[in-house]
Amino acid sequence: MTSRNHQAGAALLTALLIVTLIASLAAGMVWQQYRAVQIEAAERARAQSGWILQGALDWARLILKEDLRSDQSRPPVKDHLGEPWAVPLAEARLSTFLAADSGNASNEGPEAFLSGVIEDAQSRYNLRAIAVGTQVSPQEKLTLELLCRQVDAPPGTSTLIIDGLRAAFPAAASGASAPASGPAAGDSGPLQPAGLDQLRWLGLDAATLKRLEPYVVLLPRPTPVNLNTAPREVIAALLNTDLATAERIVQGRKGRPLQTIADAAAFLTSGTQIPAGRASVDSSFFIVTGRLRLDERQLEQRSLIERQGNATTVLARERVSQLLDR
């Protein structure tokens, strides 16, 4: 009787072990399938988001191209904040447009929201100007010093930027043609920054970069500042004048955009000179920012566009995905 009890207990234990093993294998298979579904959904969402943002970028390029064509038909060519490209695209629900197209109710479709803005990159001071020539131009050095002072950057910021950029771009500083292969390292200098955020390589901290970001940019080549779109801080630093004088230009261009840089002289005090070749009323470089919000996540794409003739070329593109606070 005891032997039979032992055999029955062993059989029961074996059955329990088999059931546990089967349950574990089933749970593992369900988990693997769940993970595969999640990965596939994430990849699909990433691909769809990429296509939507690419569509927004193509839309921006079309607007810039049509803007240039319109200006060429009514010279002189100028870019100002009253043109269609300067109007931001407010956040709009994509399903609203899809429903309007298909005739469905507007509450159907994905919870996706798209917004965007086109900014004139030449409304900011281009730091590339201090990295060319055998010596730093006194005008460029003064402009950067005044701009750093206006944004309350730490003392020595302008010197740090000048020394760092000239060390990072030794070919441009010596007057030789820079390699076309993109960012590289000199023999003993730092890596060449491709964007403003990479100025941290030169020793700038995040707080200083945040102060400078609305007023400076790093473009592939030196460019003039567009007086039709530049903020007063950049204009004041460029013309070596006070903020009140720069504000007169900002307010005056609202009524009638500057047709030529000579038009800005009417708002300047006597003796203030507009530096030749450092100011303009038109632009070739633009920054296009598209934002796609999906539930609690936002995907942002920033693209640098060069408009040259009838062509618009994307020079750089950066995507940032972030989790929104709820």
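Residues 24 or more positions apart account for 61% of the contacts in the chain with a separation of 6 or more, a contact being heavy atoms within 4.5 Å. This is a predicted model, in which local features need pLDDT of at least 70 and side-chain atom pairs count only at pLDDT 80 or more, while totals for chains, interfaces and linings use all residues. Residues are numbered from 1 along each chain as its sequence is written, and side-chain values use heavy atoms, with hydrogens and water left out.

**Overall make-up**

- Eight helices and nine strands are found in the chain; helices (H or I, at least four residues) and strands (E, at least two) are DSSP runs, numbered from the N terminus.
- Of the 326 residues in the chain, 38% are buried; buried means under 20% relative accessible area, exposed over 50%, and partly exposed in between (1.4 Å probe, protein chains only).
- The chain has an accessible surface of about 18400 Å², and carbon and sulfur atoms contribute 56% of it. Such areas come from the Shrake-Rupley method with a 1.4 Å probe, and for residues only the protein chains shown count as cover.

**Nonpolar cores**

- The largest nonpolar core has 43 residues; a nonpolar core is a set of buried Ala, Val, Leu, Ile, Met, Phe, Trp, Tyr and Cys residues joined through side-chain atoms within 4.5 Å.
- At least two residues of this core come from each of H3, helix H4 (157-168), helix H6 (206-212), helix H7 (232-239) and helix H8 (243-255).
- Helix H7 supplies the largest share of this core, namely six residues.
- Tyr-125, Leu-127, Leu-144, Ile-161, Leu-165, Leu-199 and Ile-235 are the residues with the most contacts inside the largest core.
- Apart from its neighbours within four places in sequence, Ile-235 is in contact with Leu-227, Ala-230, Ala-246, Ile-249, Val-250 and Arg-253.
- A second, separate core has nine residues, including Ala-60, Leu-64, Ala-86 and Val-288.

- Glu-140 has its place in helix H3 and is buried, with a relative accessible area of 11%.
- When residues up to four places away in sequence are not counted, Glu-140 touches Tyr-125, Ala-129, Ile-130 and Arg-278.
- Glu-145 lies in helix H3, which covers residues 138-150, and is partly exposed at 26% relative accessibility.
- The C-alpha atoms of Glu-145 and Pro-155 are 9.5 Å apart in space, and the two are 10 residues apart in sequence.

**Salt bridges**

- The structure holds 10 salt bridges, each defined as a side-chain nitrogen of Lys or Arg within 4 Å of a carboxyl oxygen of Asp or Glu.
- Glu-91 and Arg-293 form a salt bridge whose closest N and O atoms are 2.9 Å apart. This pair links distant parts of the chain, 202 residues apart, with Glu-91 in strand S1 (residues 89-93) and Arg-293 in strand S7 (residues 285-294).
- Glu-91 is partly exposed, at a relative accessible area of 44%.
- Glu-140 and Arg-278 meet through their side chains in a salt bridge (2.9 Å, N to O). Because Glu-140 lies in helix H3 and Arg-278 in the loop between H8 and strand S6 (279-280), the pair ties together parts that are 138 residues apart in sequence.
- Arg-278 is buried, with a relative accessible area of 10%.
- Between Arg-232 and Glu-247 there is a salt bridge with the closest N and O atoms 4.0 Å apart. Arg-232 lies in helix H7 and Glu-247 in helix H8, so the pair ties together parts that are 15 residues apart in sequence.
- Arg-232 is partly exposed at 34% relative accessibility, and Glu-247 is partly exposed at 23%.
- A network of salt bridges links Asp-67, Asp-79 and Arg-307.
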